[in-house]
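Have the sequence and the structure open while you read.

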Amino acid sequence: MPETMLGAFLPGNSTTELREVAVPVPGHGEVLVRMKASTICGSDIRCIYHEHLGKGPEGYQGVVAGHEPAGLIERTGPGCRRFREGDRVIVYHISGCGLCNDCRRGYMISCTSPVYRRAYGWQRDGGMAAYLLAEEKDLLALPSQLSYGDGAQVACGFGTVYEGLGKIGIAGDHAVLITGLGPVGLATGALCRKLGAERIIGIDILAERRDLALKLGVCDQVLAAGPENAAQVLDLTGGRGVERAVDCSANDAARATAIRATRKWGRIVFLGEGGRVEFNPSPDIIHDQKTIYGSWVTSIWLMEELVERLVRWNLHPADLITHRFPLERVSDAYRLMSSGRCGKVAVCFDEEL
Ligand SMILES: NC(=O)c1ccc[n+]([C@@H]2O[C@H](COP(=O)([O-])OP(=O)(O)OC[C@H]3O[C@@H](n4cnc5c(N)ncnc54)[C@H](O)[C@@H]3O)[C@@H](O)[C@H]2O)c1
Ligand SMILES: [Zn+2]
Ligand SMILES: [Zn+2]
């Protein structure tokens, strides 16, 4: 075991820094995970890479970056109850107190303890290093049918989407609109397919992302973002609009499109974070009996259910990864992800490279 390793830090001016840090020693109930795949999320770019947006306990605390890690347990600390050395694991990306109401429901994302709620890659060291110190309670088993690249995307990416889709419900007689075809939007298309959606329409500004959505088969039709989008979607759906819409863009105009392109009694879920939206409550939602949901990350039990479904569906989140980088090239990885001209970007180790 080496005593030190390199970890990637995000100083907040659209750069990355590799610094030498100590390889941690797992304490009680903790494990040391040897990193295999650590993917980059749109939130990393928006909230940390360009500038440090979150403040206080939700802000980036100058730790090793990366909140989408998957790896192999190298060492266990005393008192571990389930996982052992050599187990392949996924990490739920927010460690909670375990005792508040939110934690007891499995939503450590909204843990109310200001001291014990610490997200990996934000307030405690994350996956952009050779090893990650994790709490055993934050781990899920990664089944042999899934790769580490699949596992890394189960919490924040696919987990977030699975939760949001569960809230609006997807069925075989639904046309679905996805605004924003970044990794979260692509994951939405992939999961809507497996949930049986009849037709999936995607919108993005970037041609690369629209092309990727078609190539991956997660959208049936794609539209370039523009002021005509709502009318175009109505045209594609017999003048009525889609039954379900999912915003994965966080863009004001795209959110308004998601609302307006949804038919009477339809449901919309907002996943994209930040920004604003302007709409007219009476014509846009009230008179058409529409419902808008918000959805934040997922719970550890639903993530576990998703892992089982991914195996049953033979659905591989790693198919979204278009670029893999070794840790030494982590700056290229963040730069590429911030350009948007890619699918999912991963920093990988060993056999995952
Ligand atoms: N709710 C949650 O719990 C949760 C979890 C993870 C990520 N997120 C958020 O989800 C969003 C998507 O994440 P990502 O990793 O895919 O990020 P991303 O930035 O790669 O994807 C956003 C996409 O939206 C597109 N877009 C921008 N303006 C648009 C417009 N007017 N019309 C259509 N598309 C437009 C961009 O070109 C980009 O492809 C981010 O805001 C992220 O912070 C939320
Ligand atoms: Zn994320
Ligand atoms: Zn808690």
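Two residues count as in contact if their C-beta atoms, placed from the backbone, lie within 7 Å. Axes are lines fitted to C-alpha atoms, for helices over the stretch in contact, and angles run from 0 to 180 degrees between N-to-C directions. Helices (H or I, at least four residues) and strands (E, at least two) are DSSP runs, numbered from the N terminus.

With those terms in hand, look at α8, which lies across β10 (175-179), β11, β13 (242-247), β14 and β15 and runs at about 145° to β14.

A word on the model itself. It is predicted, with local features needing pLDDT of at least 70 and side-chain atom pairs counting only at pLDDT 80 or more, while totals for chains, interfaces and linings use all residues. Residues are numbered from 1 along each chain as its sequence is written, and chains are lettered from A and ligands numbered from 1 in the order in which they are written.

**Overall build**

The protein has eleven helices and 17 strands. Its C-alpha trace spans about 65 × 40 × 40 Å along the principal axes. The domain assignment (bounds from an automatic or database source) gives domain 1 (4-147 + 316-352) and domain 2 (160-294). Their centres, taken over C-alpha atoms, are 29 Å apart. Where they touch, ten residues of domain 1 are in contact with twelve of domain 2. On the domain 1 side, α1 gives the most, with three residues. By class, that side has two nonpolar, four polar and four charged residues. Here Ala, Val, Leu, Ile, Met, Phe, Trp, Tyr, Cys and Pro count as nonpolar, Asp, Glu, Lys and Arg as charged, and the others, Gly among them, as polar.

**The sheets**

Six strands make an open sheet in the order β12-β11-β10-β13-β14-β15, with parallel pairing. β12 (221-224) and β15 (291-294) are at the edges with a single partner strand each, so one side of each has no neighbour in the sheet. From one strand to the next, the twist averages 20°.

Some pairings are set out below; two strands pair if DSSP finds at least two bridges between them.

| Strands | Sense | Bridges | A bridge pair |
|---|---|---|---|
| β14 (262-270) and β15 | parallel | four | F270 and G294 |
| β3 (30-39) and β4 (69-76) | antiparallel | seven | S38 and P69 |
| β4 and β5 (88-91) | antiparallel | three | L72 and R88 |

**Around the ligand**

Where does ligand 1 lie relative to domain 1 and domain 2? Both domains give residues to the shell around ligand 1, so it lies between them. A residue is near the ligand if its C-beta atom, placed from the backbone, lies within 6 Å of it. Of the 32 residues around ligand 1, G42, G180, G182, A225 and A254 come nearest. At least two shell residues come from each of α1 (42-49), α4 (154-168), α5 (183-194), β11 (199-204) and α8 (252-260). The shell residues divide into 16 nonpolar, twelve polar and four charged.
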